[in-house]
Amino acid sequence: MNPQPIDATTATSFFPMVSVVIPIYNGEADLPDLLNCLLFQTYPKDRVEYLLVDNNSSDRTLAFLQTAAENFPITIRPLSENLIQSSYAARNTGIRAAVGEFIVFTDADCRPQPQWLNSLIQPFVNLEVVIVAGEILALPGKTILEQHAERQETLSQKHTLAHSFRPYGQTANLAIRPIALEKVGLFRPYLTTGGDADICWRILGENIGRLEFAPNAIVQHRHRATLPELQSQWRRYGRSNFYLHELHGVDLMREMTLKECGYRLARWLLKEVPRDAIKAIAGQATLVDLLNTPIGLFTARARAAGQKEAKLPENAEIIPRL
């Protein structure tokens, strides 16, 4: 993942045709902000198509996309994936319809910044690069949980790029050279989580090329604002870890014991709370600092529960071909 020098003259003239694939399920509320972000991309408008794939939504997502395709001054191609309820199946539908020299992925609840595509595509000047991962930052949050996740950089690619098995990029901000997909196949359509790691690992395992990190290719993403949403998110992370254990042999996460959890809570009450309370009075800490440990324990328990309860989906082994 070591960045290689890029010739400045080549980079400034490197504008290949790009296909941006975005799966959408009941995304009607997110679409206005998303489309405005796509509209203001600095990448040449005639060199990018946006394939927005409705995944059997029950709201007006598809109708909104069809209207946008007629009225927005960018190339929007509304598509549908109604057979398999899975974001990975929807992405496969977009990939098959794409005409670009590179396939880019983000999500409906993401907000790509104006230089996003420019920065994400530039590393492909180097022919050794087959995957590029951009950075995922938080949208401004109001709740304690949102602010905690932002402080922890929960969604940052730095966590997935440092995975002990192999690095990978999350599909919220990822680009792939199509030749890699021709070699290893598409996303596993019956997975409900973990598919981004799976496809990156299959590509890197074939030694087709390398993964590059583009820190200036930024999308912003909302963090979970309520405890049920946060619990659901971390249970999904646990299921993902179990699926990847079954498919790639990665280590399962060790579950924190009740004794360890009790020790952490006692340490928090007896040491961290008094310390951070004094800092808060002095204006050097916030409520987020005071609640860091119990929120962290809550997410750890949720992740462990998700891993423990997980069962690999039927047909998860299926890998469609281009």
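## Basis of the description

Helices and strands are taken here as DSSP runs, numbered from the N terminus, with a helix holding at least four residues and a strand at least two. On that basis, Gln122 falls in the loop between α5 (116-121) and β6 (129-138). The model is predicted.

## Nonpolar cores

The largest nonpolar core has 42 residues, and within this core Val20, Leu52, Val104 and Leu117 touch the most other members. Helix α2 (residues 31-39) supplies the largest share of this core, with five residues.

The surroundings of Leu117 can be listed in detail. Apart from neighbours within four places in sequence, Leu117 is in contact with Val18, Val20, Gln41, Tyr43, Val48, Tyr50 and Val104.

Phe102 belongs to strand β4 (residues 102-105). Its relative accessibility is 4%, so Phe102 counts as buried, the limit being under 20%. Apart from neighbours within four places in sequence, the contacts of Phe102 are Phe14, Pro16, Met17, Val18, Ser19, Ile121, Phe124, Ile176, Arg177 and Pro178. The C-alpha atom of Phe102 is separated by 15 Å from that of Ile208, a residue 106 places away along the chain.

Gln122 also counts as buried, at 14% relative accessibility. The side chain of Gln122 reaches the backbone oxygen of Phe14 at 3.4 Å. Phe14 itself is buried, with a relative accessible area of 17%.

## Aromatic and charge-ring pairs

The count of aromatic pairs comes to eight. In one of them, Phe14 and Phe102 are arranged edge-to-face, at 6.2 Å centre to centre and with 65° between the planes. Phe14 lies in the loop between α1 (8-12) and β1 (18-24), whereas Phe102 lies in strand β4, so this pair ties together parts that are 88 residues apart in sequence. Phe14 and Phe102 form one aromatic cluster with Phe124.

Another pair joins Phe15 and Tyr43: the ring centres are 5.5 Å apart and the planes stand at 80°, so the arrangement is edge-to-face. This pair links distant parts of the chain, 28 residues apart, with Phe15 in the loop between α1 and β1 and Tyr43 in the loop between α2 and β2 (48-54). Phe15 is partly exposed, with a relative accessible area of 28%, whereas Tyr43 is buried, at 2%. Tyr43 is also among the contacts of Leu117.

A charged group faces a ring elsewhere in the model: the charged end of Arg91 sits over the ring of Phe187, 6.0 Å from the ring centre.

## Helix α10

Helix α10 (residues 227-248) contains 22 residues. From the first C-alpha of α10 to the last, the helix reaches 31 Å, close to the 32 Å expected at 1.5 Å a residue. Just after α10, Gly249 takes a positive phi of about 80°.

The buried residues of α10 are Leu230, Gln233, Trp234, Tyr237, Gly238, Ser240, Asn241, Phe242, Tyr243, Leu244, Leu247 and His248. An α-helix has 3.6 residues a turn, so residues three or four places apart point the same way. The buried residues of α10 pack against α6 (144-152), α9 (195-205) and α13 (292-309).

Technical notes:
Residues numbered from 1 in each chain as written. Predicted model: local features only at pLDDT ≥ 70, side-chain atom pairs only at ≥ 80, totals over all residues. Heavy atoms only, no water. Core = buried A, V, L, I, M, F, W, Y, C linked by side-chain atoms within 4.5 Å. Buried < 20%, exposed > 50% of the residue type's maximum accessible area, 1.4 Å probe, protein only. Contact = heavy atoms within 4.5 Å. Polar contact = N/O pair within 3.5 Å; in protein donor to acceptor, adjacent residues only side chain to side chain. Phe/Tyr/Trp six-rings, centres within 6.5 Å; stacked < 30°, edge-to-face > 60°. Lys NZ or Arg CZ within 6 Å of the ring centre and 35° of its normal. Expected span 1.5 Å × (residues − 1).
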